[in-house]
Amino acid sequence: MCGIIGYAGSREAGPLLLEGLQRLEYRGYDSAGIAILDSEGRLNLKKHVGKLSNLVAHLEGVYPPGTIGLAHTRWATHGKPSDENAHPHLDCEGDVAVVHNGIVENYLALRQELQGEGHRFDSETDTEVIAHLVESHLRDGDDLPSALRRTIERIEGAQAIVVCSRSHPDRLVAARVGNAGGVVVGYGQNEHFLASDLPALLPETRTVAFLGDGETVELGREEVRYWDAEGRPIEKEPQEMPLDPAAAAKGVYKHFMLKEIMEQPECVLDTFRGRVLFDPPSVELAELGLSEETLRSIERVVLIGMGTSLHGAMVARHYFESIAGVPAEVDNASEFRYRSALMGPETLVISVAQSGETVDTLEAMQAVKRRGSPQLTICNTPGAQSTRIADGTIYTRCGPEIGVASSKTLTASIVALYLFACHLGRLRGRLDEAKLAELIEPLAHLPDLMGRVLQNEPAFEELAHSLSGFDNFLYLGRGLQYPIAMEGALKLKELSYIHAEGYPAGEMKHGPIALVDETMPTVAIAVRDGLREKMLSNIEQVRARDGTVIAVINEGDEELASKVNHVIEVPETSPFLLPLLTVLPLQLLAYHIALRRGCDVDQPRNLAKTVTVE
Ligand code: AGP
């Protein structure tokens, strides 16, 4: 979950590493640190608990000199956030510096063994054993890449590691083992970079290569060398990433969160642009990677994901059942992974993941691979590990999502899944041309309708201010709106730390209704999607118990408006696309409630953007 950056070149490493860390802070913000090798072969270390700004203040504008270095922003797993536990970690002689993402599962045994050999430990982290092991192997006469590979042989678990050493003062080495997050190598002019995420590199280079499972890399100013999991040298062709560095900047917005919420009409448009033809109607998904024959033979779809991505998958389940006519199930990837799910070539698994690096989702995908089912992934991050495991990918086209809480990648994922369900329905003979036209025509108006909802931000802000004093919220929805109720509650929890529960409205009477009183508002999504009347009954039940109701309704629904305390109106569209409108005010409500309560909306406490530990 941590952010890693490394540099080997001719420029001063300090400012470059700090700038890189700024773009990576969404990966973790428990502490930050930097280690730089100077021209005398000294290793200078600076680290500080808390946000990166603490380290920046501590440095007072004076960076350790040198042109080779590495840096880290931490999401704590082993050992509380503190200066001592901050990365980089050194061996006892201060010869080796390590930054790490992942968990060394056998670190206790290794630590005891190393202590028995006289190694002194300075932190409570699992990472520190890596520094000591690398140092031991270097002392045995290994060069830096071999020392790292031998270290990897000793440690258990998934890891991304970057190492520098005084004994090899002109280079860095790095490795990726399993699904603890990516390692991206960036190519510049007489300089090379390493990072856990692409956005960290974007202002410097868009020419990159990705480390695969078990691979190691050594990079200096001029040269990059790769080895496979067996230690055999391999060649890697760097690729050009079609990403605009400006996409990772805040622009005119105060927060990434607001920027990303507001960008949604454009992201949705970019995601269907060129993939949908309106006349004659067709959906073209060139990059699917699955043959038409495979798709025609599918008997079942299983969707997996975590958090917000899981909510997108839950919406799409309805698309596969209603549009493509395929039985569809949804599962939380971390649960799916440990179930004996019965499946073979007849089941298509679709994973949804913004980052494409979430360990729960990647491990579930690997389990699917072992069972021989075809799989597709919906992903927003070019080159992510999920895209390498899946047989095919549909990329959402949102640009980097920096706010830790997801927004734009949810709506774009739902649109990508909608396109695929239409494609599948057509292939399977379930949709004729007229029916397909009816399904895709509303897409043409969707960005505009989303923009109309977002224009009401001032009204949502005002409503948020009147609600910001409550400490518990209930979110209710049915059918396609049930996952949106879950997402509304998740956004409120993540951004404002307010307790919120998302429920299928029918479930309310089976327990949650006991919580309803004047201290717990209910956000009910009651749009004209065929289930409005049922929602109306549930709203009456809440009102009868003195509960405040905020209803998300369609414009002009005066009957419903007259029965609730507050209304949020969204325009009419096809019921399939209504979730893409109803989610917008819920995101803005959470954002403004959080701001009113003084919360850090871009980097909420305890969270990290990419969850690479189980
Ligand atoms: C959503 O706001 C959270 N950031 C989190 O639930 C996220 O959706 C989840 O961790 C999945 O991430 P992924 O889409 O990158 O796999």
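Let me start at Asn606, which is exposed, with a relative accessible area of 60%. Keep in mind that this is a predicted model. Asn606 sits in the segment after helix 20 (579-596). Its backbone stands out too: phi of Asn606 is near 70 degrees, a positive value in a residue other than glycine. Most residues other than glycine have a negative phi.

There is another residue of this kind, Tyr497. Tyr497 is not a glycine, yet it has a positive phi of about 65 degrees. Find Tyr497 in the loop between helix 17 (482-496) and strand 24 (499-504). Tyr497 is partly exposed, and its relative accessible area is 28%.

Next, the peptide bonds. Most peptide bonds are trans. Where His87 meets Pro88, the bond is cis, with omega near 0 degrees. Pro88 belongs to the loop between strand 4 (68-74) and strand 5 (89-90). Asp279 and Pro280 are also joined by a cis peptide bond, and here omega is about -5 degrees. Look for Pro280 in the loop between strand 16 (276-278) and strand 17 (281-283).

Strand 5 takes us to a sheet. Which order do its strands follow? The order is 5-6-7-8-12-13-14, in an open sheet of seven strands with antiparallel pairing. Strand 5 and strand 14 (233-234) stand at the edges. Each has a single partner strand, so one side of each is left without a neighbour in the sheet.

Now go inside that sheet. Strand 7 (residues 159-165) and strand 8 (residues 168-177) run antiparallel, joined by six bridges. Take Ala160: its bridge partner in strand 8 is Arg176. Helix 5 (residues 144-154) packs on the sheet. Helix 5 touches strand 7, strand 8, strand 12 (216-219) and strand 13 (224-227). The direction of helix 5 makes about 30 degrees with that of strand 8. Then there is helix 4 (residues 128-139), which lies across strand 5, strand 6 (96-102), strand 7 and strand 8. Helix 4 runs at about 135 degrees to strand 6.

On to a helix pair. Two packed helices are described by the angle between their axes and the distance between the axes. For helix 9 (residues 307-322) and helix 13 (residues 408-427), the angle is about 25 degrees and the axes are 9 Å apart. That makes helix 9 roughly parallel to helix 13. The crossing of these two, helix 9 and helix 13, is right-handed. Which residues meet there? From helix 9 they include His311, Val315, Tyr319 and Phe320. From helix 13 they include Leu410, Ile414, Tyr418 and Leu424. By class, the contact of helix 9 with helix 13 has twelve nonpolar, three polar and no charged residues.

Last stop, strand 25 (residues 522-525). In a regular strand the side chains alternate between the two faces of the sheet. In strand 25, Thr522 and Ala524 point one way, while Val523 and Ile525 point the other way. Are these residues buried or exposed? All are buried.

Strand 25 has parallel pairings. With strand 23 (residues 472-477), strand 25 pairs in the parallel sense over three bridges. With strand 26 (residues 549-554), strand 25 pairs in the parallel sense over four bridges. Val523 takes part in both pairings: Val523 is the bridge partner of Tyr475, and in strand 26 the bridge partner of Val523 is Ile550.

Technical notes: Residues are numbered from 1 along each chain as its sequence is written. This is a predicted model: local features need pLDDT of at least 70, side-chain atom pairs count only at pLDDT 80 or more; totals for chains, interfaces and linings use all residues. Side-chain values use heavy atoms; hydrogens and water are left out. Axes are lines fitted to C-alpha atoms, for helices over the stretch in contact, and angles run from 0 to 180 degrees between N-to-C directions. Angles under 35 degrees count as roughly parallel, over 145 as roughly antiparallel, 65 to 115 as roughly perpendicular and the rest as oblique. A crossing is left-handed if the near helix is turned anticlockwise from the far one by less than a right angle, and right-handed if clockwise. Contact means heavy atoms within 4.5 Å. Ala, Val, Leu, Ile, Met, Phe, Trp, Tyr, Cys and Pro count as nonpolar, Asp, Glu, Lys and Arg as charged, and the others, Gly among them, as polar. Buried means under 20% relative accessible area, exposed over 50%, partly exposed in between (1.4 Å probe, protein chains only). Two strands pair if DSSP finds at least two bridges between them.
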